[in-house]
Amino acid sequence: MSDFPVRLRRSLLFVPGDSRRKIEKATTLPADSVVLDLEDAVAPANKPQARALVRAALHTLDFGARERLVRVNPWSSGLLADDVRETIAGKPDGYVIPKVRTVDELGRVCALIEAQARAHGMDASRMALLVLIETALGVMNLPAIAAFGAPVQALIFGADDLAAEVGMVRTPAGLEVLYPRSAVAIAAAAHGLQAIDLVFPALNDEAGLEAECRFGRQLGYSGKMVIHPNQLAVVNRAFSPSAEEIARAQRIVQAAEAHGYGAFALDGRMVDEPIVKQAQNVLARARAAGLI
Ligand code: COA
Ligand code: MG
């Protein structure tokens, strides 16, 4: 897991952009980021009213410290330009771009958003883009997409659209998505981006959610998409280091400093540079989460 050059994004709460009630509710929930969705959560007939509602919500509601993101429709839909045009006046903190297939497509989307931001007197360089990898081409083109640079800050792994395209059969254990899920985390780390993990669709399976968070962390993910308020506490906790992890990391870093680094034994285990680096990552995440 890489360091956190940008803001803490343990939980990205998706909220249907045509639901005033859920958007208002989201401003009270413990999500690091709120994603006002114009894509899959909104029926085609509701897109125009959802854009207007999202713009109004961005203008009038107090989201506190929560990041305010808008998920637009994919480039191929022909809806993306209007999604941006109709919401940019709300000055969101950034956009989530679904179904990105090629770096060329990402470049077009980015140019469109930057032009709109400038037209509204915004500093386009401060607007974050979070890129969803959820198509077969997106997975094939990961090295170029991950290397795009600013304003891309995170890669998000979307399993269900990919499964539909590839003909995967989804299972609770998720072995079928291990390759792309792991590839997204590695591509993100290679370019200092955050990696945000897949949606857990079962709304009342806390143990299953916890297990999926744990495995996402094992793969290098720093956060997860969330679809229901009940999932937030589990996800925030899972993507924050535990007290034991922090204590252990502090012990490793202190011991390394005392030994002048190199390899040494601690509690019957070898510690060397990569182990120290992992401990430093835990401490960076703990600091970002306000735990130390
Ligand atoms: N954001 C904000 N509030 C939400 C929410 C969300 N994603 N999901 C549910 N809530 C609110 C409900 O409004 C309700 O609050 P209320 O009683 O004050 O109205 C409360 O949480 C409990 O909701 P519940 O009745 O259990 O869920 P539901 O049947 O209303 O909705 C879903 C279930 C799945 C439709 C809903 O959770 C949802 O819309 N999720 C996001 C879907 C989405 O964005 N998908 C695209 C990305 S994958
Ligand atoms: Mg989707």
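What follows is a short chat about a predicted model, its helix pairs, its ligand and a few loop residues.

Q: What should I know about the model before we start?
A: The model is predicted, so local features need pLDDT of at least 70 and side-chain atom pairs count only at pLDDT 80 or more, while totals for chains, interfaces and linings use all residues. Residues are numbered from 1 along each chain as its sequence is written, chains are lettered from A and ligands numbered from 1 in the order in which they are written, and side-chain values use heavy atoms, with hydrogens and water left out.

Q: OK, helices. At what angle do α3 and α4 cross?
A: Roughly 25°, and the axes of α3 (residues 80-87) and α4 (residues 103-119) come within 10 Å. Axes are lines fitted to C-alpha atoms, for helices over the stretch in contact, and angles run from 0 to 180 degrees between N-to-C directions. Helices are DSSP runs of H or I with at least four residues, strands are runs of E with at least two, and both are numbered from the N terminus.

Q: Parallel or antiparallel?
A: α3 is roughly parallel to α4. Angles under 35 degrees count as roughly parallel, over 145 as roughly antiparallel, 65 to 115 as roughly perpendicular and the rest as oblique.

Q: Which residues make that contact?
A: Leu80, Ala81, Val84 and Arg85 come from α3, and Val109, Leu112, Ile113 and Gln116 from α4. Contact means heavy atoms within 4.5 Å. By class there are 6 nonpolar, 1 polar and 1 charged residues. Ala, Val, Leu, Ile, Met, Phe, Trp, Tyr, Cys and Pro count as nonpolar, Asp, Glu, Lys and Arg as charged, and the others, Gly among them, as polar.

Q: How do α11 and α12 cross?
A: The axes of α11 (residues 243-259) and α12 (residues 273-288) come within 9 Å and cross at roughly 130°. The two helices are therefore oblique to each other.

Q: What classes of residue meet there?
A: The contact of α11 with α12 has 11 nonpolar, 2 polar and 1 charged residues. Among those that meet are Ile246 and Ala249 in α11 and Ala279 and Leu283 in α12.

Q: And α8 with α9, at what angle?
A: Roughly 55°, with the axes of α8 (residues 178-190) and α9 (residues 206-219) coming within 9 Å. That pair is therefore oblique too. Leu178, Arg181, Ser182 and Ala185 in α8 meet Glu212, Phe215, Gly216 and Leu219 in α9.

Q: New topic. How many residues surround ligand 1?
A: 14, and the closest are Phe14, Arg21, Lys22, Ile227 and His228. A residue counts if one of its heavy atoms lies within 4 Å of the ligand.

Q: Which ligand atom does His228 sit by?
A: An oxygen atom of ligand 1, 2.7 Å from a polar side-chain atom of His228. An N or O atom in the side chain of Lys22 is 3.1 Å from an oxygen atom of ligand 1.

Q: And Phe14?
A: A backbone N or O atom of Phe14 lies 2.8 Å from a nitrogen atom of ligand 1.

Q: What kind of peptide bond joins Ala150 and Pro151?
A: A cis one, with omega about 5°. Pro151 lies in the loop between α6 (142-146) and β6 (152-157). Most peptide bonds are trans.

Q: What is phi of Lys91?
A: Near 50°, a positive value in a residue other than glycine. Lys91 is in the loop between α3 and β4 (94-97).

Q: Last one: which residues does Asp40 touch?
A: Arg71, Lys99 and Asp161, not counting residues up to four places away in sequence. Asp40 is in the loop between β2 (33-37) and α2 (47-60).

Terms used
A polar contact is a pair of N or O atoms within 3.5 Å; within protein, one must be able to donate a hydrogen and the other to accept it, and residues adjacent in sequence count only if both atoms are side-chain atoms.
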